[in-house]
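Q: I'm new to reading protein structures, and I'd like a close look at one part: the core and the parts around it. Could you walk me through it step by step?

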Amino acid sequence: MLVIFGASGDLTARKLVPALFKLYRAGELPQNFVVLGVSRSDLTDGAFRKRVVLDSPHLSDENDNGASDEQIKGFAKRFFYEDVGSSYDSDYQQLRNRIEDLNDMFNTGGNIIYYLSTPPTLYETIVKNLANADLNTQNNGWKHIIVEKPFGYSLKTAKELNRGLQRFFDESQIYRIDHYLGKETVQNLLVTRFANSIFEPLWNRIYIHHIEITNAESVGVEKRGGYYDKSGALRDMFQNHLLQIVSLVVMEPPIGDAPEEIRNEKVKALKSLRIMRDEETLKNNTIRAQYVASEIDGKKIKGYREEEGVAPNSTTETYAAVKFFVDNWRWHGVPFYVRTAKRMPTKVTEVVIHFNTPPHQIFKDSGIRGKDNKLIIRIQPDEGILIKFGVKVPGQGFKVERANLDFYYSCLAETRVMQAYERLLLDAMQGDATLYARADEVEAAWEFVDPILDYWQNGKNVRMYGYAAGVWGPENADDLIEGPGNWRNPGENLADDPGYCVIC
Ligand SMILES: NC(=O)C1=CN([C@@H]2O[C@H](COP(=O)(O)OP(=O)(O)OC[C@H]3O[C@@H](n4cnc5c(N)ncnc54)[C@H](OP(=O)(O)O)[C@@H]3O)[C@@H](O)[C@H]2O)C=CC1
Ligand SMILES: O=C1O[C@H](COP(=O)(O)O)[C@@H](O)[C@H](O)[C@H]1O
């Protein structure tokens with residue numbers, strides 16, 4: 001049984017129920033699957049079903065071939081609703097009775113996931129009340145809790161939240177969601193590195209010059225200005241999703257694919273990020289910026305400070321770029337450049353491994369300079385992997401051009417690629433926490449991010465750059481890159497990435 005707290009909210013309707021529906025249609029949910037929505041709103045089972053299933057505009061998408069009425073009705077019958085009264089801090093005895101009734105009706109064996117999809121300030125209250133009603137014990141079926149982001153606001157609050165949850169649930173029962181880990185391409189980072197023998201020998205300071213990770217969104221803060229203005233790019237994307245990607249790029253090979261083997265290595269990776277402690281280092285290695293009003297294709301785009309819910313004098317960043325080093329044997333001296341931003345020219349997330357130039361230039365007039373070998377791992381969209389390597393241009397002499405060697409997920413036309421929430425929900429049902437963040441991972445990530453946030457908020461004369469909505473951030477961001485290089489500003493499609501002989 002999936003018990004969703006905050007079931008009347010946006011996440012339930014827009015992400016959770018559509019993901020469950022996809023799993024249902026694909027026949028991947030257990031036979032006895034049932035959902036109990038819980039929140040303060042006064043709803044009947046019928047009204048809840050209408051809201052999140054029958055009248056929902058979110059159940060189909062452009063890749064869908066349409067669900068039948070029968071499927072939708074069959075799915076809706078598995079949804080029930082219970083209100084907690086006027087506050088989540090109440091006696092959950094009535095909730096317990098309802099859960100027991102549904103357990104019997106659907107023969108669930110007492111296996112329950114509690115999904116916390118309320119404002120984070122309520123997480124601890126909810127788990128305390130679950131425990132008070134004896135709804136956390138595992139002697140009659142397993143009990144897992146899935147905790148939505150944001151997980152804390154700082155290292156201190158993340159630690160408090162961890163301790164708060166762990167008072168009532170064992171760490172093995174706690175699933176902290178990071179939807180980037182549910183993305184197929186993020187998981188493929190592990191496979192690319194550890195299921196091949198051709199990349200890993202090069203995956204170190206001897207062959208890699210620097211690593212660049214870009215997460216760009218073309219949208220602004222949309223309707224979430226109120227939330228975002230208290231958060232900012234560093235908390236919203238960098239502390240969680242991007243540092244999760246960093247941990248997969250940086251980690252050592254685990255001894256196996258058991259969840260704890262992988263998570264142990266990720267924690268070690270996060271703990272090896274060099275924490276920036278003094279103002280000079282923070283000044284030279286971080287850049288923050290806000291988008292300002294502009295016009296894109298004749299359409300006026302609001303600046304961040306004009307967005308609904310955002311303070312007119314806000315100092316919250318919508319662009320964050322950070323250069324850092326990893327203090328371990330493998331990565332000594334290799335700079336990592338990671339940026340995330342809203343209102344960029346396109347939506348794209350990619351990891352770019354820039355290899356060193358060959359140690360000795362044999363082909364002196366080849367035109368190869370500045371065109372290093374790259375491995376581009378495209379997380380989204382146009383998911384795939386592309387290697388840029390030098391080939392000889394036919395003709396006299398040794399002119400070299402960069403060609404592309406590539407793989408695209410879209411080539412796997414017959415394969416159903418699960419969306420992030422589908423994969424993560426299914427894993428939590430199966431008790432597989434590999435793709436969920438452990439307490440120490442979250443804390444290690446905050447440990448790295450906290451000094452940057454503190455500097456941005458309290459440092460002396462910290463610049464807040466502006467960038468016109470629709471461009472690749474402030475010009476000064478290129479100053480972060482060592483030497484003559486710039487950020488790679490990719491197009492929407494990896495397949496369009498310029499390379500010699502693209503039409504073959
Ligand atoms: N929406 C999204 O795309 C994403 C959301 N999240 C996280 O998921 C959680 C839920 O988000 P979302 O569904 O968007 O939030 P909403 O505000 O839409 O819904 C939250 C639900 O919690 C209940 N609630 C209880 N107390 C409060 C309160 N003081 N203020 C507002 N709501 C309250 C409300 O139900 P009721 O009043 O009936 O009790 C409400 O329906 C949050 O922690 C959010 O950070 C994370 C990633 C993406
Ligand atoms: O967690 C979040 O992620 C989305 C971006 O997710 P994606 O899967 O579309 O890349 C971001 O828009 C949002 O601000 C953030 O809270």
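A: Happy to! Let's begin with Val3. Setting aside neighbours within four places in sequence, Val3 is in contact with Leu36, Val38, Ile99, Ile112, Tyr114 and Tyr115. Please keep in mind that what you see is a predicted model. The average pLDDT of the protein is 94, and 97% of the residues score at least 70. The model also has an ipTM of 0.97 and a pTM of 0.96.

Now step back from Val3 to its surroundings. Val3 and Val147 are the residues with the most contacts inside the largest nonpolar core, which has 125 residues. Domain 1 (2–148) and domain 2 (181–198 + 209–347 + 420–490) both contribute residues to this core, so the core lies between them. As a general background idea, nonpolar side chains tend to be buried together in soluble globular proteins.

How do the two domains meet? Taken over C-alpha atoms, the centres of domain 1 and domain 2 are 31 Å apart. Twelve residues from domain 1 and seven residues from domain 2 make up the contact. On the side of domain 1 that touches domain 2, helix H1 (10–25) and strand S5 (143–147) are the elements that give two or more residues. H1 gives the most to that side, with six residues. Sorted by class, that side of domain 1 has eight nonpolar, one polar and three charged residues.

H1 gives the most to the shell around ligand 1, with four residues. There are 18 residues around ligand 1, and Gly6, Gly9, Leu11, Ser39 and Arg40 come nearest. By class, this shell has five nonpolar, seven polar and six charged residues.

The buried residues of H2 are Phe48, Arg49, Arg51, Val52 and Val53. The cover over them includes H1, strand S2 (35–39), helix H3 (69–76) and strand S3 (79–83).

Leu234 counts as buried because it has 21 C-beta neighbours inside 10 Å, and the cut-off for buried is 20 or more. Beyond neighbours within four places in sequence, Leu234 is in contact with Gln239, Glu317, Ala320, Val449, Ile452 and Leu453.

For a contrast, find Asp365 in the loop between strand S13 (348–355) and strand S14 (374–380). Asp365 is exposed because it has 10 other C-beta atoms within 10 Å, where the cut-off for exposed is 12 or fewer.

Finally, look at some backbone details in the loops. Arg343 sits in the loop between strand S12 (336–341) and S13. Its phi is near 55°, a positive value in a residue other than glycine, and Arg343 counts as buried with 27 C-beta neighbours inside 10 Å. In the loop between S14 and strand S15 (384–392) you will find Pro381, and the peptide bond from Gln380 to Pro381 is cis, with omega near -20°. Asp382 is also in the loop between S14 and S15, with a positive phi near 50°. Asp382 counts as partly exposed, with 19 C-beta neighbours inside 10 Å.

Definitions and conventions. Residues are numbered from 1 along each chain as its sequence is written. Chains are lettered from A and ligands numbered from 1 in the order in which they are written. This is a predicted model: local features need pLDDT of at least 70, side-chain atom pairs count only at pLDDT 80 or more; totals for chains, interfaces and linings use all residues. A nonpolar core is a set of buried Ala, Val, Leu, Ile, Met, Phe, Trp, Tyr and Cys residues joined through C-beta atoms within 7 Å. Domain bounds come from an automatic or database domain assignment. Ala, Val, Leu, Ile, Met, Phe, Trp, Tyr, Cys and Pro count as nonpolar, Asp, Glu, Lys and Arg as charged, and the others, Gly among them, as polar. A residue is near a molecule or strand if its C-beta atom, placed from the backbone, lies within 6 Å of it. pLDDT is the predictor's confidence in each residue, from 0 to 100.
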